[in-house]
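My notes are below, in the order of looking.

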Amino acid sequence: MAADLILTNATVHTVDSAVPRATSLVVEGGKVTGYDAQGQVGPDTEVRDLGGAFVMPGLIDVHNHHAMAGRAELFELTFGGEIGFDGILDAVRRWSRGLGPDEWVVGGAWASTLVDALSRESARHALDEAAGGRPVSLSDDSRHNKWVNSRALELAGITENTPDPDGGVIVRDQATGALTGVLLEAAGVLVERAVQSSRTLTAEQHARASRHGIGILHSYGVTAFQDAGVSVDILDALKSLDDAGQLDAWVVSSLLINDTIFGFDPVGRELIEVGERYRTEHHRPDFVKIFLDGVPPTRTAAFIEPYLPDEAHGACFHGTTTMPPAELEGWLRTAAEAGLSAKIHCTGDAAVRATLDAVAKLRADGFADTKFQVAHGQFVHPDDLARFAALGVAADISPFLWVPGVIPTAIANVLPAERAAKMQPNRALLDSGALVAGGSDWPVSESPNAWEGIQGLITRQDPTGAFPGELWPEQAITLTESIEAFTLSSARATGLDDVTGSLTPGKSADFIILDRDPFQSPTTDLAATTVTETWFAGRQVFAR
């Protein structure tokens, strides 16, 4: 049978150990059928001479929030972590001019390093003035914490007498005791629900946000991804897109068990019960998501050893997990019995250990095929490194925190220097035999550009050059390993390796064409790698 498409005179990096390199790629019926064009040309075959261009599998992002990113791009105020306090106020002023007197200003993301500057009553009043009295909710760069103004607090029902909710902190001015508008972790859900009650998106807008987010992912060569925390609205958008033939990506969804930041409803058992009805050809609601701790800069991550002492927490504060061991094990068991795998958010080493302990119990009870991912896992105690491979737990290394930057700087303010410097032990995990899968956590990272992450994985230096130095350079990995982390390893971690992740005959023809051969490029230039074409299931879905 004649092929639909044949790429010739190409440099094909297959990420298939059986045939690592080829010069041609044959596509028929949306799938890769081989590497030999001879006898495959028919009257309708498209034959393209690529002039030596580099071809590789489509990238797979093991951890992002595509709909949240799409929604932010379309409907919200966006700014980068590089702008300071005054810059945020200016951005709010400009955005507010186009809004009605009662409309919400929603957006982000402010840098984690600003948390102390924002934790003042005067800062809240400045935000009030900038918005002209409109309610404001701004997320930080981790998307776990919020800074809001007086009107937003009022609409959320938060007063001076409101107690801290479970798993959250309503930050007060240390000098006056007044509300600052800084809300850590679950405290922000109170505002998120107020936003959603008065700013409800339509089903069409949710679908538009998903479609827009996926379009941006295509521009960076991403053809498959795992959304790390979905609502029913997102599930419905993905199903409606695929039913209409408009979902040009493999998508794995993570059903929230607990929700410390998004304000979604339903979550937990109720969401598990309805998740299956949204399964389609390209969408697999195969995972649950558990937030087991918060983030280090706000001391909401759970550590084995304590944070640096401060006035609010003292000298022996370790942070806490969101649930005790028995509850974590119970949720993982509930998911596994329902045929679902699990992604567990862990940023502190105590949360990582608790996850590994729970997985060990499930493995001992016969749950051999259930997939488990430790999401982020910036800090892993040396005693636990080998347990990832032994227990079959994938390391979802995201966001791009293996180089100096804003978030590592914020972490260095709360942890002893020798511990803060030891983030993302990627080399040690790979050497132990662990599956290491690459993710962006976009929009926590400002773009889902895997090549920025790949350059950082190799150099452990900031690819932008904005932050000097190296972050634990002994944990650097190779280019081949980095590319595999963002292709086949992510496919394996998500359960998509039956259809994608390598250019293996029989798999979906998901591939990208680059502007360079990364193996012939200086390592310091890898972040500038550009995707010129993205193909999904044998169809071109992006061309630069």
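This is a predicted model: local features need pLDDT of at least 70, side-chain atom pairs count only at pLDDT 80 or more; totals for chains, interfaces and linings use all residues.

These entries cover cavities, then a helix, then strands.

Entry 1: I searched the whole structure for cavities of 30 Å³ or more and got seven.

I then turned to the second largest cavity, with a volume of about 90 Å³. Its lining has 14 residues, and the closest to its centre are His65, Ser142, His144, Ile261 and Asp441. I sorted this lining too: five residues are nonpolar, six polar and three charged.

**Entry 2: helix α4.** Which residues of α4 are buried? In this helix, residues 121-131, I found Ala123, Arg124, Leu127, Asp128, Ala130 and Ala131 buried. I looked down the axis of α4: the buried residues fall within an arc of 165°, so they line one face of the helix.

I next asked what covers the buried residues of α4. The cover includes the helices α2 (85-96), α3 (115-118) and α5 (150-156), along with the strands β11 (136-140), β12 (145-148) and β14 (179-185). I also checked the backbone just after α4, where Gly132 has a positive phi of about 60°.

**Entry 3: the open sheet.** I traced an open sheet of six strands in the order β3-β2-β7-β22-β23-β24, and its pairing is mixed. At the edges are β3 (21-22) and β24 (539-543), each of which pairs on one side only. Within the sheet I looked at β7 (residues 54-57) and β22 (residues 511-514), which pair in the antiparallel sense over three bridges. Val55 has Ile513 of β22 as its bridge partner.

**Entry 4: strand β20.** Why do I call β20 largely enclosed by the rest of the structure? I checked residues 393-397, and five of the five are buried, so the strand is largely enclosed. Val393, Ala395 and Ile397 point one way from β20, while Ala394 and Asp396 point the other way; all are buried.

I then looked at the pairing of β20 with β19 (residues 372-376), which is parallel and runs over four bridges. Asp396 of β20 is the bridge partner of Ala375.

Terms used:
Residues are numbered from 1 along each chain as its sequence is written. Side-chain values use heavy atoms; hydrogens and water are left out. On a 1 Å grid over the protein atoms alone, a cavity is a set of points where a 1.4 Å probe fits but cannot get out, and a pocket is an open set with protein on both sides within 12 Å along at least five of seven lines; lining residues have an atom within 4 Å of a point. Grid points are joined across faces, edges and corners, and a volume is the space filled by probe spheres set on the points. Ala, Val, Leu, Ile, Met, Phe, Trp, Tyr, Cys and Pro count as nonpolar, Asp, Glu, Lys and Arg as charged, and the others, Gly among them, as polar. Buried means under 20% relative accessible area, exposed over 50%, partly exposed in between (1.4 Å probe, protein chains only). Helices (H or I, at least four residues) and strands (E, at least two) are DSSP runs, numbered from the N terminus. The arc is that of the directions from the helix axis to the C-beta atoms. Contact means heavy atoms within 4.5 Å. Two strands pair if DSSP finds at least two bridges between them.
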